[in-house]
Amino acid sequence: MMNTINNPSPVKPTKRRYITLLMIFVTVVICYVDRANLAVASVKIQEEFGITKTEMGYIFSAFAWTYTACQIPGGWFLDRVGSKLTYFIAIFGWSVATLLQGFASGLASLIGLRAITGLFEAPAFPVNNRVVTSWFPEQERAGAVGFYTSGQFVGLAFLTPLLIWIQELLSWHWVFFITGAIGIVWAAVWHFNYQNPRKSKGINKQELEYIESG
């Protein structure tokens, strides 16, 4: 009895890092759904605005133009303001641009809004990598990266049929209204719930030590 009292069971590390990982996963799902929604709506958009296949190619390419150009500036911004604020601005920015695509009036507005979407999505994966590096010890990082990366395929495989159903039930405009609104709400969720490990209230000393030891 005395041994039990004098040698209490060690406190186990919390698992707060897995909640953080789930948040990244959800963000990746939203990120890729907001890339795929144009592919779902493209035929209806072409019919409504009389857009040619070549012009539609410009709309699709507009995302890649700014996404590529803003990778390094996005990383620079991330290094200076941190993961929490960078991801909030990024998620909110691309989600507003996505929602506004539902109000697009033609070729020029669609090209512009897709370019803005690419601009704000550029820091996404640098943030993901930084968050995983902050929250996971080296021996767990590959698994964490594999988990959140799977979010892109979950979004495309399971949510694309839902977007098609929304389009058929309502219109192509609602594909953008709904996906954009979900992203705006998620930006707020991220802002009010994400913290780095040392500032997080849901992590105990043992988990923090475990993360830092790796």
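I looked up Phe-158 and found its place in helix 8; helices here are DSSP runs (H or I, at least four residues), numbered from the N terminus. The model is predicted, so I note that local features need pLDDT of at least 70, side-chain atom pairs count only at pLDDT 80 or more, and totals for chains, interfaces and linings use all residues. Residues are numbered from 1 along each chain as its sequence is written, and side-chain values use heavy atoms, with hydrogens and water left out.

Phe-158 has 63% relative accessibility and therefore counts as exposed (over 50% relative accessible area; buried is under 20%, partly exposed in between; 1.4 Å probe, protein chains only).

I then checked helix 7, residues 124-135. Its twelve residues should span 16 Å at 1.5 Å a residue, and the end C-alpha atoms are 17 Å apart, which agrees; the expected span is 1.5 Å times one less than the number of residues. I list Ala-124, Phe-125, Val-127, Asn-128, Val-131, Val-132 and Trp-135 as its buried residues.

Helix 6 (residues 107-121) has 15 residues and reaches 21 Å from first C-alpha to last, close to the expected 21 Å. Its buried residues include Leu-110, Leu-113, Arg-114 and Glu-121. Among the elements covering the buried residues of helix 6, I noted helix 2 (16-49), helix 3 (53-69) and helix 7.

Key: Helix = DSSP H or I, 4+ residues; strand = E, 2+ residues; numbered from the N terminus. Contact = heavy atoms within 4.5 Å.
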